[in-house]
Amino acid sequence: MDGNFNENDISRVVEADRAHIWHHLSQHKPYETTDPRIIVEGKGMRVWDQKGKEHLDAVSGGVWTVNVGYGRESIANAVRDQLIKLNYFAGSAGSIPGSHFAEKLLDKMPGLDRVYYCNSGSEANEKAFKMVRQIAHKRYGGKKHKILYRDRDYHGTTIGCLSAGGQDERNAQYGPFAPGFVRVPHCLEYRSFEQDGAPQENYGPWAADQIEKVILAEGPETVGALCLEPVTAGGGVICPPDGYWERVQEICRKYDILLHIDEVVCGVGRTGTWFGYQHYGIQPDMVTMAKGVASGYAAIACLVTTDAVFDMFKDDASDPLNYFRDISTFGGCTAGPTAGIENMNIIERENLLENTTNMGNYMLEQLHALADKHAVIGDVRGKGLFLGAELVTDRDSRAPVEEKRIQAVVGDCMAQGVIIGATNRSLPGKNNTLCFSPALIASRDDIDEIITAVDGALDRVFTSA
């Protein structure tokens, strides 16, 4: 660490945190007798806590965000310079960085044309849902308003987004939810045996066909959009099976349903392409993104649409309700697009998409090697530097390992100085997947350190039982 803290300063910070901070996703009772963790500094792949302990961060800030690593002075300097010139003006007007970033972003997204700025992934998805509902009223008498979402997918933390949330434990105690959101089945081939009628071959098209069954049951004239993650994140790091996405696209076009891809986790390099959907040859109508857009150096999220969607909101200028009557206060901040431009520049200059593909393949190989050693690893999956290992008590039954033992593995790695993740309070009885999302700058040595930590943790947690 090279910060300027002394023992008295840190003691005071810890006590202020304990007294005043409401941490995310945390039970605070333990903080009455133990210190909350304070992350003081970050550089590259490493972060340091208030005790000076160094950790290798294998989850990019805890939630798949710091794609280009910590301590990027070029991003900080660009943001500083822009804030002095103009920090903010409401999104009803434009800005220089807003225009430049939109142009740069859309260059990576052929077939998409318009960027709507906001400040979080939840908010970006809310905007998409609102557009779908407004289109339903403008064109279909309000009837084509339903939004389909997938079991195990997650789209945000607002009540609207939880209404489209496929993680029942995350949704628990927050209902009642908004009407008009309808769940479709998951596409996790490893657990296809839990789905009635699932075939052993050609599972991908079959899984997509289950979406069509829901559409037909609801009535295609009532369904306005289908919202899916390209690779499911917190629901277990699920890559779509072969043939799935092609059939999904065909179904959406058949029934005039907007395809909304939630790239909040996968977007801007995480899977080895600029966007996760680009692995699968599909053309979405709407794409949402946040997290890696600026690698956490500024708050920014975007909803990107086609001109075909955009044009539906300007087809009758005489109608005072015809345009998208929405605003995001902090969508007018200039720091976000400024950071986004330099974040993309870094990815290009340092060939981080190629590195993500190469290091992702290497890490996948190492996880498979771990599975050869540890029978508790039932399945290994992922794409790029977005990987998961599902732990089971028995490979034949595929019964999930208890969540407390998953958390014991995470805790053991933390004690070793390696931060990994796990599905957490998402799926009742099935929070059993270890999650890995190191920064796109990860090296073989970094991957080896992560794998060594997990190897030791699995030995200790499952041989001591």
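This note goes through the overall build of the protein chain and then a few of its local features.

1. Basis of the note. This is a predicted model, in which local features need pLDDT of at least 70 and side-chain atom pairs count only at pLDDT 80 or more, while totals for chains, interfaces and linings use all residues. Residues are numbered from 1 along each chain as its sequence is written, and side-chain values use heavy atoms, with hydrogens and water left out.

2. Overall fold. The protein chain contains 14 helices and 15 strands, where helices (H or I, at least four residues) and strands (E, at least two) are DSSP runs numbered from the N terminus. Its radius of gyration is 22 Å, close to the 23 Å that the globule rule gives for 465 residues, so the protein chain is as compact as a globular protein of that length; the radius is taken over C-alpha atoms, and the rule is 2.2 Å times the number of residues to the power 0.38. Along its principal axes the C-alpha trace spans about 65 × 60 × 45 Å.

3. Among contacts (heavy atoms within 4.5 Å) between residues at least 6 apart in sequence, 72% join residues at least 24 apart. The protein chain exposes about 20,600 Å², and carbon and sulfur atoms supply 50% of that area, which comes from the Shrake-Rupley method with a 1.4 Å probe.

4. Helix H12. Helix H12 (residues 352-373) has 22 residues and reaches 31 Å from its first C-alpha to its last, close to the 32 Å expected at 1.5 Å a residue, the expected span being 1.5 Å times one less than the number of residues. Its buried residues include Leu352, Met359, Tyr362 and Leu370.

5. Backbone exceptions. Most residues other than glycine have a negative phi, and most peptide bonds are trans. Against that background, Gly175 and Pro176 are joined by a cis peptide bond with omega of about 5 degrees, and Pro176 lies in the loop between helix H7 (168-171) and strand S6 (181-184). The loop between H7 and S6 is also the place of Gln173, which has a positive phi of about 75 degrees although it is not a glycine, and which is exposed, with a relative accessible area of 82%. Trp64, in helix H2 (residues 60-64), likewise has a positive phi, near 55 degrees, but Trp64 is buried, with a relative accessible area of 16%.

6. Lys108. Lys108 lies in the loop between helix H4 (96-107) and strand S4 (114-118), and at 16% relative accessibility Lys108 counts as buried. Leaving aside residues up to four places away in sequence, Lys108 touches Trp274, Gln278, Met344 and Glu348.

7. Ser11. Ser11 lies in helix H1 (residues 7-20) and is partly exposed, with a relative accessible area of 39%. The C-alpha atoms of Ser11 and Arg253, which are 242 residues apart along the chain, are separated by 59 Å.

Definitions and conventions
Buried < 20%, exposed > 50% of the residue type's maximum accessible area, 1.4 Å probe, protein only.
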